[in-house]
Amino acid sequence: QVQLVESGGGLVQPGGSLRLSCSASGTFVSISTMGWYRQAPGKQRELVADFTSTGRTNYADSVKGRFTISRDSTKNTVYLQMNSLKPEDTAVYYCHADLHVPLRYIEVWGQGTLVTVSS
């Protein structure tokens, strides 16, 4: 069984910072893509940042220059450093990965971690 375990959400004031972590565990061959999505109340889930299968990074325009995605491949872990947080960043943040398992690829989601930006 493969799972993604997230941590690092919480309440922060506008202008503050948070760091999210997501680790993949279980039996898989390799990680193809891995990153973060978010869903605010009443809105659709959207990509925040991710690593593509070629190792490039993608960022939503709304977070460019404020958020940084990084990874530790030895730990199958990605991080999302979020700086200069705004109230509109408030959402449930979900880790997502496409994993190579024997004979196929599977899509896995984490359980979500709530980030609240408020004074």
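In strand β3, Cys22 is the bridge partner of Glu6. This is a predicted model, in which local features need pLDDT of at least 70, side-chain atom pairs count only at pLDDT 80 or more, and totals for chains, interfaces and linings use all residues. Residues are numbered from 1 along each chain as its sequence is written, and side-chain values use heavy atoms, with hydrogens and water left out.

**Strands**

Strands here are DSSP runs of E with at least two residues, numbered from the N terminus. Two strands pair if DSSP finds at least two bridges between them. β1 and β3 (residues 18-25) run antiparallel and are joined by five bridges. They belong to an open sheet of four strands, in the order β1-β3-β8-β7, with antiparallel pairing. β1 (3-7) and β7 (67-72) each have a single partner strand, so one side of each has no neighbour in the sheet.

Strand β4 (residues 30-39) has two pairings. With β9 (residues 91-101) it pairs antiparallel over nine bridges. Met34 takes part in both: its partner is Ala97 in β9 and Phe51 in β5. β4 and β5 form a hairpin with six residues between them. Gly42, in the turn, has a positive phi of about 80 degrees.

**Core**

A nonpolar core is a set of buried Ala, Val, Leu, Ile, Met, Phe, Trp, Tyr and Cys residues joined through side-chain atoms within 4.5 Å. Buried means under 20% relative accessible area, exposed over 50%, and partly exposed in between (1.4 Å probe, protein chains only). The largest core has 32 residues. Trp36, Leu80, Met82 and Tyr93 have the most contacts inside it. β9 gives the most to this core, with six residues.

**Aromatic rings**

Rings of Phe, Tyr and Trp (its six-membered ring) pair if their centres lie within 6.5 Å; planes under 30 degrees apart count as stacked, over 60 as edge-to-face and the rest as tilted. The count comes to two aromatic pairs.

| Pair | Centre distance | Plane angle | Type |
|---|---|---|---|
| Tyr37 and Trp109 | 5.1 Å | 70 degrees | edge-to-face |
| Tyr94 and Trp109 | 6.5 Å | 85 degrees | edge-to-face |

Tyr37 lies in β4 and Trp109 in β10, so their pair ties together parts 72 residues apart in sequence. Ring pairs link Tyr37, Tyr94 and Trp109 into a cluster. Tyr94 is buried, at 15% relative accessible area. Trp109 counts as partly exposed, at 32%.
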